[in-house]
Protein chains: 2
Amino acid sequence: MAARGAAHNTAQAHQTHNHRECIDDALKRAREICAGRGAQLTPLREKVLQIVWRSHKPVGAYDVLDELARSHKAARPPTVYRALDFLMSEGLIHKIESLNAYLGCVEAGAPHSGQFLICRQCGATEEIVDAKLETALDQAAKRAHFAGERKVVEISGLCARCAA
Amino acid sequence: MAARGAAHNTAQAHQTHNHRECIDDALKRAREICAGRGAQLTPLREKVLQIVWRSHKPVGAYDVLDELARSHKAARPPTVYRALDFLMSEGLIHKIESLNAYLGCVEAGAPHSGQFLICRQCGATEEIVDAKLETALDQAAKRAHFAGERKVVEISGLCARCAA
DNA sequence: ACCCCGCTGTTATGATGTAACATTGCCGAA
DNA sequence: TTCGGCAATGTTACATCATAACAGCGGGGT
Ligand SMILES: [Zn+2]
Ligand SMILES: [Zn+2]
Ligand SMILES: [Zn+2]
Ligand SMILES: [Zn+2]
């Protein structure tokens, strides 16, 4: 898959890859996951997922709304938020809390909070899956006698390309 | 100090401690820090800091506004946001991104992003300073060739008391 | 006296997110 | 087959969070 596995790096965000594959993979995977669970990935929800996957930059709910409205005149905020809530509950997208924006998940199907590297220059946001970091989070919570559930990890800075 | 050092734990949030000490310590420390830097901790800004320190639960900007307005009728949103921005720029408070709310910093003076344990039951939020977690964050960014700057770490779940 | 500059006041608006109720369409029970 | 339940979507209105833009004020230096 274009956005997963060993080849996964920040270069994706700079159009150095065939992003069409990212979108197609994400939609295909979403259909499989929802079908397997009996969750209803309706045309509306799929369209919203597609819009979120337009790039590797987090997209705001009202940007989704503007884009959705081009093909779906009746679109209103609740339409978008409901779709986003559904996609989050199925683990197909994440909310980036520090940006109030949404991003397609590159590990859909594997339940997880997300860990994100957000470039303040180009906006490209990479989801990483770092087992050591995950362990460190769990240990930190444990040391504080805290029963962690949802974990928000968002590191802002400069991606390799923008730093160069 | 009541909210720092070895005695620092989630019990603080449950009024099992003398919270007056937390407030007094925080204000005293803020005055020292600002005096040392030439930063102007004006009466308005100090009042806002005091309001944020009313509890160990993150407080919304409009809650601060309501409270501030009791003694300061002219208070408006920009007044509050300017004060909060100042306090954040001086490292005296943190913004909890996943709640859009603000919390007094327990390690003011030591530049750092923050690491937070947020109880979804009682709302009490503990700031931890976990060196191993900090290292894990740095390493994770490094492995991804990312130059991290600001780090948002917010773990939601149940504090020891609420889990019991 | 005058200017500069940082802080605060004031008005208005932008950006993000939700409550509450109406409507539609499907599917299974009676 | 008819009807009732239920999930998805439509629709209106509103709640919450945050900032732009300009005005007034006051201390400190020249
Ligand atoms: Zn891509
Ligand atoms: Zn993910
Ligand atoms: Zn306290
Ligand atoms: Zn802190």
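B:His19 counts as buried, at 15% relative accessibility. Buried means under 20% relative accessible area, exposed over 50%, and partly exposed in between, with a 1.4 Å probe and protein chains only. This is a predicted model, where local features need pLDDT of at least 70, side-chain atom pairs count only at pLDDT 80 or more, and totals for chains, interfaces and linings use all residues. Residues are numbered from 1 along each chain as its sequence is written, chains are lettered from A and ligands numbered from 1 in the order in which they are written, and side-chain values use heavy atoms, with hydrogens and water left out.

**Zinc ion (ligand 3), chain B**

- B:His19 (ND1) coordinates this zinc ion together with B:His17 (NE2), B:Cys22 (SG) and B:His56 (NE2), at 1.9 to 2.3 Å.
- Donors are N, O and S atoms within 2.8 Å of the metal (3.2 Å for Na, K and Ca); water is not among the atoms, so sites may look incomplete.
- The site is tetrahedral, with angles of 104 to 115 degrees among its four donor atoms. Four donors count as tetrahedral if all angles lie between 85 and 135 degrees.
- B:His19 and B:Cys22 sit three residues apart in helix α1 (residues 19-37) of chain B, about one turn of the helix. Helices (H or I, at least four residues) and strands (E, at least two) are DSSP runs, numbered from the N terminus.
- B:Cys22 is buried, at 3% relative accessible area.
- Along the chain, the donors follow the spacing H-x1-H-x2-C-x33-H.

**Zinc ion (ligand 1), chain A**

- A:His17 (NE2), A:His19 (ND1), A:Cys22 (SG) and A:His56 (NE2) coordinate this ion at 1.9 to 2.3 Å.
- Angles of 103 to 114 degrees among the four donor atoms make the arrangement tetrahedral.
- A:Cys22 lies in helix α1 (residues 19-37) of chain A and A:His56 in the loop between α2 (43-52) and α3 (61-69), so the pair ties together parts that are 34 residues apart in sequence.
- A:Cys22 and A:His56 are both buried.

**Zinc ion (ligand 4), chain B**

- The protein donors are B:His94 (NE2), B:Cys105 (SG), B:His112 (NE2), and B:Glu127 (OE) and B:Glu127 (OE), lying 1.9 to 2.6 Å from the ion.
- B:His112 lies in the loop between β2 (101-104) and β3 (114-119) of chain B, and B:Glu127 in strand β4 (residues 125-128) of chain B, so the pair ties together parts that are 15 residues apart in sequence.
- B:His112 is partly exposed, at 32% relative accessible area. B:Glu127 is buried, at 2%.

**Nonpolar core**

- A:Leu133 and B:Leu133 touch the most other members of the largest nonpolar core, which has 32 residues.
- Elements giving two or more residues to this core include α5 (131-143) of chain A and α5 (131-143) of chain B.
- Such a core is a set of buried Ala, Val, Leu, Ile, Met, Phe, Trp, Tyr and Cys residues joined through side-chain atoms within 4.5 Å.
- Leaving aside neighbours within four places in sequence, B:Leu133 is in contact with residues including A:Leu133, A:Ala136 and B:Val153. Contact means heavy atoms within 4.5 Å.

**Between the chains**

- 34 residues of chain B are in contact with 34 residues of chain A.
- The buried area between them is about 2,800 Å², of which carbon and sulfur atoms give 60%. Buried area is the accessible area (1.4 Å probe) that two parts lose on being put together, summed over both.
- Four salt bridges are counted between chain B and chain A. Each is a side-chain nitrogen of Lys or Arg within 4 Å of a carboxyl oxygen of Asp or Glu.
- A:Asp130 forms a salt bridge with B:Arg143, with the closest N and O atoms 2.9 Å apart.

Conventions
Tetrahedral: all angles 85-135°; square planar, octahedral: opposite > 155°, others 65-115°.
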